[in-house]
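Take a walk through this structure, one region at a time. Keep the sequence and the 3D view side by side as you read.

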Amino acid sequence: MSTYYYASKRRLGQLSDVEDLAAERQPTPVHENHASLVRSVYQTVWNEFCEWCKQDFANSMNDLGTPPVDANTRVKDAEDSDIVGELGQLNLQERELTTLTDPHTIILEAPFEPPPSYDSCNPVSNNHFTGDDASHMPFLPLADDPSFDWKGYCVNYKYFAWQTKFFDSNLHAMVVEAARRLHEQHGFSYSQIDDTGVLPLSLTAGEDGVLRTVRYQGSSDWAGAKSHPVPAVPVQAEFKELVSQFCNSASCMMGFCDQHVNWFPMPPPRPVSPRMQSSDLFSDIISPCGDDCFILRVPGNTAIETEWTPNEIDTFNMILDYSPDSSPCDLATICKKPCFEIFKRRRRTLPDDNIKRRPAENSLKRPPRLKHTMFNDLNSAQFKPNAPCHHKGPCNLIARGAVVAIPNYVDVDGQAAIALGQKQDVPAVRNVVRASKLIENATRSFVESVKQATALEVKPGSWGVGLFLLESADPGELITEYVGELVYELTTESRDDVSMHRQRNYLFNLNATFALDSEFIGNESRYINHSEDTPNCRAQVMMVNGDHRIGIYAQTHIEAGAELFLNYGPEFFKAT
Ligand SMILES: C[S@@+](CC[C@H](N)C(=O)[O-])C[C@H]1O[C@@H](n2cnc3c(N)ncnc32)[C@H](O)[C@@H]1O
């Protein structure tokens with residue numbers, strides 16, 4: 001039996017609605033079912049798009065070409081006419097050919113030397129957040145270098161870039177146009193279209209649904225690419241997504257800033273298998289966490305237990321999924337439950353028989369290794385967020401620069417944390433306002449200092465390229481800021497492999513989580529070479545408005561024209 005569909009602005013919702021309309025409206029083409037109508041519309045759109053593509057391509061090619069040679073045009077001089085005769089297509093009408101020489105052969109004495117390897121680096125003025133690029137491998141670096149351990153390098157990555165989703169703007173445009181027609185002309189809802197499973201991209205599914213990303217459709221001139229369907233995403237979801245694009249650093253003034261907004265969200269943490277059986281948990285405890293500590297309540301204890309709500313149980317189970325070997329004392333604090341109850345529940349949830357004790361490191365993974373090739377602020381072990389600066393004029397090592405953390409958490413002394421919940425408290429709010437003012441001033445002070453920092457020159461130095469001062473600097477003076485990509489641990493490891501091989505490294509260790517890499521983007525500070533004995537600069541990590549930033553300061557008086565040196569630290573040149 002065939003089903004009839006009708007061209008209607010009305011949203012059909014259910015297929016049965018269609019039959020109710022049969023008496024009122026003229027039937028349009030006959031189809032077997034929803035899927036075949038979707039297929040037919042998509043086919044039409046596809047054909048239209050391909051036709052347009054051919055035409056568009058032909059137009060583009062015509063735009064590139066010179067006007068066709070006019071058969072009546074006379075080529076003026078004999079030399080030119082010879083060439084026209086020989087090359088046929090070449091239009092020399094407009095060209096001035098002055099000299100022509102006979103072709104000759106150049107015999108090379110020796111093959112070309114391979115060009116020296118070089119580092120390209122895009123100039124930037126502030127840090128860019130990259131995070132972790134170790135999940136997919138964009139390309140195999142040094143693929144033509146047999147001495148590069150590419151197998152070792154691949155271990156750093158989960159998969160190749162071409163295994164990730166590919167965004168095809170043409171396909172996207174066709175799917176959107178087919179959806180628009182199905183919705184507007186045939187009354188399909190977007191989820192009905194999805195349910196047929198015919199279109200190659202889902203319209204509504206989660207973050208990747210085509211309707212969510214409809215604004216990325218590209219700049220195609222095809223008429224279909226310009227007619228967007230009404231987004232099916234609920235307003236709240238759309239709003240939530242939009243808000244998430246704003247910088248989550250309360251003190252950052254930039255919309256869509258690439259340092260704070262995570263455009264490529266980190267994958268969620270992966271569940272971890274427990275390695276410790278119940279008895280192992282005792283070995284880490286130095287002293288009981290309180291009267292309810294599990295080490296005081298031996299098995300068989302009959303103490304009355306508290307009631308656990310389903311929500312509390314869910315939270316506990318979720319924490320166990322990701323951190324199954326945490327001590328019951330810690331979990332007691334997190335879950336706000338007596339420690340011995342945590343211990344008992346853990347034993348029930350993760351029975352000892354199911355726990356395989358095994359070595360900490362997965363044997364498939366490369367063992368962790370020391371990062372030898374990162375330099376850092378030599379005082380980083382004592383790193384404390386610097387206090388807000390109250391001084392006038394630029395920041396330097398003596399008038400220590402600017403500040404601290406997110407304004408909502410900082411009081412005027414840069415010490416006491418003010419909980420967000422206390423914002424209604426007037427003195428606290430006043431402090432917050434004053435603190436934000438200080439932070440604003442201090443940030444400006446640091447940024448201005450960097451802008452006004454000393455003039456520099458990059459040229460061949462003591463080791464490859466070096467950085468030179470063009471005017472003198474006094475001790476403590478800010479010379480420049482070290483900027484680059486903020487990368488996570490895994491990315492640091494993968495980039496380290498390439499750096500080690502090329503023996504050129506631009507990674508600056510910021511803290512346990514982040515490093516700054518100026519291999520691909522950075523400024524002139526990436527060229528500062530190392531000197532263990534006579535460094536004339538020093539690097540210092542500072543908190544500026546909630547971000548780690550690295551100031552490069554003069555350590556001694558430096559004369560104009562001198563090359564700058566940092567002490568990279570004892571680990572940098574150690575071989576693995
Ligand atoms: C941050 S970069 C400095 C700029 C580098 N000279 C260049 O040409 O791009 C660090 C790299 O410079 C080289 N380098 C710097 N100081 C050195 C030194 N004292 N001895 C040997 N190599 C040094 C090493 O290759 C090191 O990995």
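Helix 9 and helix 10 pack at an angle of about 110°, and their axes lie 8 Å apart. Axes here are lines fitted to C-alpha atoms, for helices over the stretch in contact, and angles run from 0 to 180 degrees between N-to-C directions. Helix 9 is therefore roughly perpendicular to helix 10. The word covers angles of 65 to 115 degrees; under 35 counts as roughly parallel, over 145 as roughly antiparallel, and the rest as oblique. On the helix 9 side, the contact is made by Pro328, Cys329, Leu331, Ala332 and Cys335. Helix 10 supplies Cys339, Ile342, Phe343 and Arg346. Two residues are in contact if their C-beta atoms, placed from the backbone, lie within 7 Å. By class, this contact has eight nonpolar residues, no polar ones and one charged. Ala, Val, Leu, Ile, Met, Phe, Trp, Tyr, Cys and Pro count as nonpolar, Asp, Glu, Lys and Arg as charged, and the others, Gly among them, as polar.

A word on the model itself. It is predicted: local features need pLDDT of at least 70, side-chain atom pairs count only at pLDDT 80 or more, and totals for chains, interfaces and linings use all residues. Residues are numbered from 1 along each chain as its sequence is written.

Stay with helix 9, which spans residues 328–335. Which of its residues are buried? They are Pro328, Cys329, Leu331 and Ala332. Buried means that 20 or more other C-beta atoms lie within 10 Å of the residue's own; 12 or fewer means exposed, and anything in between means partly exposed, with C-beta atoms placed from the backbone. Seen down the axis of helix 9, the buried residues fall within an arc of 165°, so they line one face of the helix. That arc is taken from the directions from the helix axis to the C-beta atoms. The buried residues pack against helix 8 (310–322) and helix 10 (339–349). Just after helix 9, lysine 336 takes a positive phi of about 55°.

Now step back to the loop between helix 8 and helix 9. Aspartate 325 is found there. Aspartate 325 counts as partly exposed because it has 17 C-beta neighbours inside 10 Å. Leaving out residues up to four places away in sequence, aspartate 325 touches Pro274, Arg275 and Met276. Aspartate 325 and serine 273 are 52 residues apart in sequence, yet 8.8 Å apart in space, C-alpha to C-alpha.

What of the whole chain? The protein chain has 12 helices and 18 strands. Helices (H or I, at least four residues) and strands (E, at least two) are DSSP runs, numbered from the N terminus. Of the 576 residues, 24% count as buried. Take the contacts between residues at least 6 apart in sequence: 69% of them join residues at least 24 apart.

Some single residues show such links. Serine 36 lies in helix 2 (residues 34–64). Serine 36 is partly exposed because 15 other C-beta atoms lie within 10 Å. Serine 36 and threonine 196 are 160 residues apart in sequence and 8.8 Å apart in space, C-alpha to C-alpha.

Next, leucine 142. It lies in the loop between strand 5 (136–137) and helix 4 (150–154). Phi of leucine 142 is near 55°, a positive value in a residue other than glycine. With 16 C-beta neighbours inside 10 Å, leucine 142 is partly exposed.

Glutamine 503 also has a positive phi, near 60°. Its place is the loop between helix 12 (489–502) and strand 12 (507–509). Is glutamine 503 buried or exposed? It counts as exposed, because it has 9 C-beta neighbours inside 10 Å. The C-alpha atoms of glutamine 503 and phenylalanine 573 are separated by 9.4 Å, though the two residues are 70 apart along the chain.

Proline 535 sits in the loop between strand 15 (529–530) and strand 16 (537–544). Proline 535 is partly exposed, with 19 other C-beta atoms within 10 Å. Not counting residues up to four places away in sequence, proline 535 touches Gln555, Phe565, Leu566 and Asn567.

Finish at the ligand. Around it are 12 residues; the closest are Trp463, Gly464, Val465, Asn529 and His530. A residue counts as near a molecule if its C-beta atom, placed from the backbone, lies within 6 Å of it. This shell divides into four nonpolar, five polar and three charged residues.
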